[in-house]
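I opened my notebook for a first look at this chain. Here is what I looked up, entry by entry.

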Amino acid sequence: MVGDALQRGVDAGAYAWQVEEQARIDDKLATDKSENFKSRQAYLTALGEEWSRVNPDHKLSSTGDEYLRQMDISLAALNGNKTANGTVGSS
């Protein structure tokens, strides 16, 4: 009987540790994803600016069309990620 109570205590402690560890891992993953997103967005913005510099006569290079250009680049990147992951056409 003492062994059962002791085992339940060990199990409860192990479960509490597991929950805390999973929360720590989830927080780190969320932070990593956020930093990765910011980095990719900065890269895509710079890519769009350079593309516009090289293609000044394109309609998306016009002043005021930065948002549309960024949306096109972001969509292309998203589709590229889906292709790389083999998920194109999957929802």
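**Surface and overall form**

I began with the surface: the protein chain exposes about 7,600 Å², and carbon and sulfur atoms supply 59% of it. Accessible areas come from the Shrake-Rupley method with a 1.4 Å probe, and for residues only the protein chains shown count as cover.

I noted that this is a predicted model, where local features need pLDDT of at least 70, side-chain atom pairs count only at pLDDT 80 or more, and totals for chains, interfaces and linings use all residues. Residues are numbered from 1 along each chain as its sequence is written, and side-chain values use heavy atoms, with hydrogens and water left out.

Next I looked up the secondary structure and found two helices and zero strands in the protein chain. Helices (H or I, at least four residues) and strands (E, at least two) are DSSP runs, numbered from the N terminus.

For the overall form, I saw the C-alpha atoms fill a box of roughly 85 × 25 × 15 Å along the principal axes. The radius of gyration is 24 Å, while a compact globule of 91 residues would have one near 12 Å. That radius is taken over C-alpha atoms, and the globule rule is 2.2 Å times the number of residues to the power 0.38.

I also checked burial: 9% of the 91 residues are buried. Buried means under 20% relative accessible area, exposed over 50%, and partly exposed in between (1.4 Å probe, protein chains only).

**Helix α1**

I picked Lys33, which lies in helix α1 (residues 2-54). Lys33 counts as exposed because its relative accessibility is 61%. From Lys33 to Gly13, 20 residues apart along the chain, the C-alpha atoms are separated by 30 Å.

**Helix α2**

Which residues of α2 are buried? I found Arg69, Gln70 and Ile73. Seen down the axis of α2, these buried residues fall within an arc of 95 degrees, so they line one face of the helix. The arc is that of the directions from the helix axis to the C-beta atoms. On the face turned away from the buried side, I noted the exposed residues Tyr67, Thr83 and Asn85.

I then zoomed in on Gln70, which sits in helix α2 (residues 66-85) and counts as buried because its relative accessibility is 15%. Beyond its neighbours within four places in sequence, Gln70 is in contact (heavy atoms within 4.5 Å) with Gln41, Leu44 and Thr45.

Last, I looked just past α2, where Gly86 takes a positive phi of about 70 degrees.
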